[in-house]
Amino acid sequence: MELPGIGPRPDSEPPSSAGPGGTGQPGDVGRLAATVERLRQEALDAQEAADGRALIELAKGILVGQLGCGPGEASRQLAKLAEQSNVTVLALAVDVINQAARDHVSELAQQFLQDAESESTPSEVTAPLLRLRAAESRMLAAGDSQAVATALLDNALEALGANGVAIWSVGPDSSLALAGQAGFTAQEADRWRHVPPEVATCARLAVTSRELTIVDCLSSSGIPTIGRRQHPDGGRVMVPAGTGGRIVGVLEVSWADPLPPQQPPVLRQLEALAELCAHTLEDQSPDPAPPLTPSASHLAGVAELTDLADHLYDPVLILTPSLDSAGRLGDFRIHHTNHRFTDPAGRPRSMLTGTHFLEAFPAAAEDNGLFSMLERVYATGEPCHAPRTTLETIVDQIPLTTVADVSITRHGTALLLIWKIEDETARLATLLQHAQRLGRVGGFEENTITGEISWNGQLFSLFGLPSAASPVPLQELTRHVHPHDVNSVGRFLRTLLHRLRESSVDFRLKRADGIIRHIRMVAEPVLDHHGRLSSVRGACQDISSQHWTEVALAATRDQLADSEAESADRTKLALQLQQAIMPPAPAPLEVPGIRIAVRYRPAESQSLVGGDWYDSVVLPDDKILISVGDVAGHGIPAATGMVILRNALRGLAVTGAGPAQLLSWLNRVAHHLTSQLTATAVCGIYDPATRSLRWARAGHLPPVLVRGADAQAFPMTSGILLGALPDADYEEEEVQLEREDILLMYTDGLVERRDLSVTDSLTQLLAVAARPLDSLERRLDDLLTYSASDTDDDTCLIGVQVR
């Protein structure tokens, strides 16, 4: 029987391959092509006829149920009603199905009937409805989403001019999975099997807007999607597929060319097909999933539970069952944790999500423990509430016990675990305060970006400050430290702020009330996700009693070990000699026209007392001598050699000679009047009247000039180190300085590194020197703190600011 609307299509027999007007193909090839085309057409006709018979049989079943008759009587009634209505049996069958279904296709049929009264013919109404019901029949018979996509394209969408269809499944995390497709290549489908939640695609537009969305031309919109390589200028229509207000997928229909404005009936057909896809996505069985991995449909089932958990005030975990190969429950997987959840072990939520519960909390497997409760709720479905449940976690190989009120409920196959830790904040805070008081420990945190500083009450007591006072910033800590401990605190700050490593230091604190306390400070840098310093947190402990105990023990050891005492005395003598000539932080030198500040940082090990020296003195002609030098070696010989050269240069400078001549004379002193003494030096003579500086170098690094936001090193003039040859000549340079210029002279302890060349270290020094700071002293402190040196050598640094 011919079925109107889905019946045989007009055959298009190819012309004969022989004779005039033929294709020019050989006769055998033409006949073979005609046979293939005829067989293909017959297969299509057979499939369409089968679809029509399926719809007719479905209508007969509806009549059997409604009329209470047998199948034969239902068939006769359907034929009689079709004859009386002057329509085909298939058209009447579709109408019976629409009347009985009361679904979106039925609503669409009513709209088409209303339109038919004014502007459409009966055939124009029947054809789309036949296509929709035929597509529905084919989709119900399909075994998977791929077959559903093929059925949609063949039975409904090709008639609308479409060339491709993609069915997307929406995951619980808003990711998209390609459930089925037709009209695209296999390679293209493999590229689009999974779309992460953050990627914007055509299908994502429909998920976000929750309504039918049209992209007229892909090349104009620039939105990526499947098949764009094949038809870059094609159009797309995306329809969300959902039931009960929940979107489970997206139907995406492709056209090869730019999409013209679509008529409302066409869009209503696409919406009806999308609803059919939604039912298909929900009804289809998920593909077999590997053991211990939740299936896509199962994850979709916990999507609403995840939304619920995110709006709960209490800490919540969502657990999904993890089954072994035999289908038995082996563990639970942590599917989601809400924002309120805090792991007792301090692990971030991202580290827990996706892991097995017993892997994250192995102690829960104890007899009658938390895991037993989870198994019981999963098996019976009965909720469980267990107050004061103890759970033990291991942190740095130390067991940590957590007490919490636990509530467990089952929702489908997922478990909702409410984990509310007992509120012991007040008790723990009190215990911490007593522990800090007994241990004389104060805590602090300083935000290096905003400058905000937080101290606890104990730290104010340690510093002898009232609680209403302003906390002391780390950069100003040296102002409250004994002068002999300034360098130790400087190394501590450099390690903490520049090298970004945890550090500690012991120093003497000068309190406002005049009391000296021995303090131990421990701090660590806190880095942001870009690896940059965001804050510093740490603690201070009063160790005065411990210090004096250690002093007493040291005195006893000195008395028992004469050799150690003698060595200590020699080291102390060299250090005292060095500090007598170069104090660590002398007062700034104020002279007309310039301001001079000096910083001296001795070697960390007292046994490495070196021969670094600096000097600045006003000469009789009102010019100013500025010099920096470094004697080779360590210990008393280096310290005494430093004294000789420093004093000799002072005496020679009174003659009024220039820097080059002074270094030439000083070279003779080093070679003839000392025992194998060698040294490097920079000598400069500044004239305040003209703001000119004449300078020369003897194997030493050149000075650095800071002008505004730019820092540049002076050129490397020729000049051999002092004491190497009996006679040596030195090259002299003159530089014109300007108001607010800053001149820096230094020894190699400021820049010398084991893993970098001097050129690279000097480049880092120039970058630090160019930072804008409000005072000369802060600039020198900043240079010492952020210097790139790591050789533990003496460092002299002198700064000259022109006024």
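Predicted model: local features only at pLDDT ≥ 70, side-chain atom pairs only at ≥ 80, totals over all residues.
## The chain as a whole

The protein chain has 803 residues, and 44% of them count as buried. Its secondary structure comprises 24 helices and 27 strands.

Among contacts with a separation of 6 or more, 58% join residues 24 or more positions apart. The accessible surface of the chain is about 40,100 Å², and carbon and sulfur atoms contribute 53% of that area.

## Helix H18 and its cover

Helix H18 spans residues 486-498, which makes 13 residues. From first C-alpha to last it reaches 17 Å, close to the 18 Å expected at 1.5 Å a residue.

How much of H18 is covered? Ten of its 13 residues are buried, so the helix is mostly covered. Among the buried residues are the nonpolar Val 489, Phe 492, Leu 493, Leu 496 and Leu 497, and the list also includes Asn 487, Gly 490, Arg 491, Arg 494 and Thr 495. Which elements cover these buried residues? The cover includes strands S14 (503-510), S15 (516-527), S16 (533-542) and S18 (594-601), along with helix H24 (776-785).

## Positive phi angles

Most residues other than glycine have a negative phi. Here are some places where the angle is positive. Leu 500, which follows H18, has a positive phi near 55 degrees.

Asn 368 is not a glycine, yet its phi is positive at about 55 degrees. This asparagine sits in the loop between helix H14 (357-360) and helix H15 (370-380). With a relative accessible area of 71%, Asn 368 is exposed.

Asp 622 is not a glycine either, and its phi is positive at about 70 degrees. Its loop runs between strand S19 (610-618) and strand S20 (624-634). Is Asp 622 buried or exposed? Its relative accessible area is 56%, and because exposed means over 50%, Asp 622 counts as exposed.

Ile 720, Leu 721 and Leu 725 together make a nonpolar patch of about 210 Å².

Where is Ile 720 found? This isoleucine belongs to the loop between strand S24 (710-713) and strand S25 (732-736).

Terms used: Residues numbered from 1 in each chain as written. Heavy atoms only, no water. Patch = residues over 30% accessible without salt bridge, like charges linked within 9 Å, V, L, I, M, F, W, Y side chains within 5 Å. Areas by Shrake-Rupley, 256 points an atom, 1.4 Å probe, with all protein chains shown as cover. Salt bridge = Lys/Arg side-chain N within 4 Å of Asp/Glu carboxyl O. Helix = DSSP H or I, 4+ residues; strand = E, 2+ residues; numbered from the N terminus. Buried < 20%, exposed > 50% of the residue type's maximum accessible area, 1.4 Å probe, protein only. Contact = heavy atoms within 4.5 Å. Expected span 1.5 Å × (residues − 1).
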